[in-house]
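Please read the following report alongside the sequence and the model, taking each part in turn.

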Amino acid sequence: MSQTETRGEENGFQQAARLEREELHRCVTLAATHFQSRLWGDEGQAARDYIASRGVTLESARAFGLGYASASGTALAETLAREELLDAGERAGVLRHPRAGDRHTDYFKRRVMLPFSSPEGQPLSFIGRDLPPHQRVKYLETRNSSIFIRNTTLFGLTHARDAIRGEGSAIVVEGGFDCMLLHQAGFPHSVGLISTTLSTARIDLLLAAGARELVVMLDPDRGGWRGIQQNSDLLLLYVPRTRVVQLPGKEDPDEFILRAGAGAMRRLLSEARPLTDYLLATALPQGRGASASERKKAIEELSPIFLRLQEGPARTALLEALASHSGLSGQELESLLRTQG
C-alpha cells in the first residue's frame, strides 16, 4: 500500500469517527431538549416539586438544563425514532438495546435529569436522580461514549468558567445539587464532580478555566475523606494551593446552605485549611501527643498518598510536615512507610 493510499485510509477512519461524534452530539442534544420539555410540561410536576424540595429554584433548573425522564419508558425512544437515531441513542447510553423482536426502550424512567456538558455548554451525557420514595438506585448514569468520558467532565463548569477566571479559584463539591445551591448562594465559581474523583483531566479543565487555587468541599462522611485522600497526590503535585472545607456535623453542602445561609457558608469557606494541614489533622488529630498505635494507624491512612507520590518536592514537603506534626523523624517515617508498601 502506498503512502498516499495509507493517508487516504487514515482520513477515511477520521471521517467515520467525526460522523459518529456528530451523530451522537445530535442525539444527546435532542435528548436534552426532550427531557427539558418533559420537566416543564404537565407530567413534570413531581420532578419540579422534588427539585424545589432540594432548594433549587426554577430559574436555576432552567439555567442548568435540568430535565425529566418520564415514567412511560418509551417516550425518548419514540422521539429518537422519528429522527432515525435509535442506534445512536443506544450508543450514547440513553436507550436500552431491545431483545429480539422488541423495540428500544428508554434507559432512564421517572428521574430528574442532570446533563453533563462540555465547557462550551454542549450536552454530552446525563445522570438521572430517582424521585421519592427512592425505591431504586439513587443515581443512574450513562456509560462512556465517543463524546463522553465521565472523568473528563465537571457538572456546572459551563456556568462557572467566567467566575473561576475572575476569582482565580474554584470550589469543588461532590453533587450537582450542591453545585447549584452554591451558585444560587453567590458562589458561581463552583463545580460538581458527581463523584469523589478528581482526575488529571478534571484538574486540567479547572486550570484551563483559570483556577490557581482549589477549595475542596466533599461530603462529611467516610466517602468524602476517602475522596480527598485518593485525590491528594494529584492535588499536591498540580494545585499546591488546595484548601479543604470541613463541614459541620453530617450535613452536605446543599443542606448546610439551606439551613445556615450564604453568610455561614462564606465563613466556612474562609476557614478552609491547606490540604496538608487537613490531611495531618484528620489522620492524626492528637499530633505529637499520639500513642504509638495511633501513629501507626495514621501512617496506614496516609501511606497510599506517599506511595503514589514520586520522589520530589511535593513528597518531601508532605513528609517533613508529617514528621513535624507527629514528632517522628523523617527516617522513622520512611521506615514505617516502607512497611506499608
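E43 is partly exposed, with a relative accessible area of 37%. Its salt-bridge partner is R38, and the closest N and O atoms of the two residues are 2.5 Å apart. R38 is partly exposed as well, at a relative accessible area of 25%.

The chain has a mean pLDDT of 91, with 96% of its residues reaching 70 or more. Among the elements, strand β1 (residues 67-69) has the highest mean pLDDT, 98, whereas helix α15 (residues 330-340) has the lowest, 82. Over residues 1-7 the pLDDT stays under 50, and for this stretch the model has 2 contacts beyond four places in sequence. Where pLDDT is low, the predicted coordinates should not be read in detail.

**Salt bridges**

In the whole structure, a search finds 13 salt bridges. Besides the pair formed by R38 and E43, one of them joins D254 and R54, whose closest N and O atoms are 2.9 Å apart. Because D254 lies in helix α10 (residues 253-260) and R54 in the loop between α2 (45-53) and α3 (58-63), this pair ties together parts that are 200 residues apart in sequence. Both D254 and R54 are buried.

A further salt bridge is made by the side chains of E22 and R18, at 3.0 Å from N to O. E22 and R18 both lie in helix α1 (residues 3-39), where they are 4 residues apart, about one turn of the helix. E22 counts as partly exposed at 40% relative accessibility, and R18 likewise counts as partly exposed, at 35%. There is also a network of salt bridges, which links E20, E23 and R91.

The three pairs described above can be set side by side.

| Pair | N to O distance | Accessibility |
|---|---|---|
| R38 and E43 | 2.5 Å | R38 partly exposed, 25%; E43 partly exposed, 37% |
| D254 and R54 | 2.9 Å | D254 buried; R54 buried |
| E22 and R18 | 3.0 Å | E22 partly exposed, 40%; R18 partly exposed, 35% |

Which residues are the closest to the centre of the largest pocket? The largest pocket holds about 350 Å³ of space, and of the 19 residues that line it, Y139, G175, D178, D219 and D252 are the closest to its centre. The elements giving two or more residues to this lining are β5 (123-130), β6, α7 (176-184) and α10, and the largest share, 3 residues, comes from α7. By class, the lining of the largest pocket has 11 charged, 5 nonpolar and 3 polar residues.

The second largest pocket has a volume of about 200 Å³. Of the 16 residues lining the second largest pocket, those closest to its centre are F64, P115, S117, G121 and H159. Two or more residues of the lining are given by each of the elements α1, β4 (111-117) and α6. The lining of the second largest pocket has no charged residues, but 9 nonpolar and 7 polar ones.

R150 lies in the loop between β6 (139-141) and α6 (157-167). R150 is buried, because its relative accessible area is 14% and buried means under 20%. Not counting residues up to four places away in sequence, R150 touches F116, E141, N144, L193, I194, S195 and R202.

D233, in helix α9 (residues 222-238), is buried too, with a relative accessible area of 8%. Leaving aside neighbours within four places in sequence, D233 is in contact with I305, R308 and L309.

**Backbone details**

Some features of the backbone also deserve attention. P132 and P133 are joined by a cis peptide bond, with omega at about 10 degrees, and P133 is found in the loop between β5 and β6.

E84, although not a glycine, has a positive phi of about 55 degrees. E84 lies in the loop between α4 (75-82) and α5 (86-92) and counts as exposed, at 71% relative accessibility. R110 is not a glycine either, and has a positive phi of about 50 degrees. R110 is found in the loop between β3 (105-106) and β4, and at 31% relative accessibility R110 counts as partly exposed.

Methods:
Residues are numbered from 1 along each chain as its sequence is written. This is a predicted model: local features need pLDDT of at least 70, side-chain atom pairs count only at pLDDT 80 or more; totals for chains, interfaces and linings use all residues. Side-chain values use heavy atoms; hydrogens and water are left out. pLDDT is the predictor's confidence in each residue, from 0 to 100. Contact means heavy atoms within 4.5 Å. Buried means under 20% relative accessible area, exposed over 50%, partly exposed in between (1.4 Å probe, protein chains only). A salt bridge is a side-chain nitrogen of Lys or Arg within 4 Å of a carboxyl oxygen of Asp or Glu. On a 1 Å grid over the protein atoms alone, a cavity is a set of points where a 1.4 Å probe fits but cannot get out, and a pocket is an open set with protein on both sides within 12 Å along at least five of seven lines; lining residues have an atom within 4 Å of a point. Grid points are joined across faces, edges and corners, and a volume is the space filled by probe spheres set on the points. Ala, Val, Leu, Ile, Met, Phe, Trp, Tyr, Cys and Pro count as nonpolar, Asp, Glu, Lys and Arg as charged, and the others, Gly among them, as polar.
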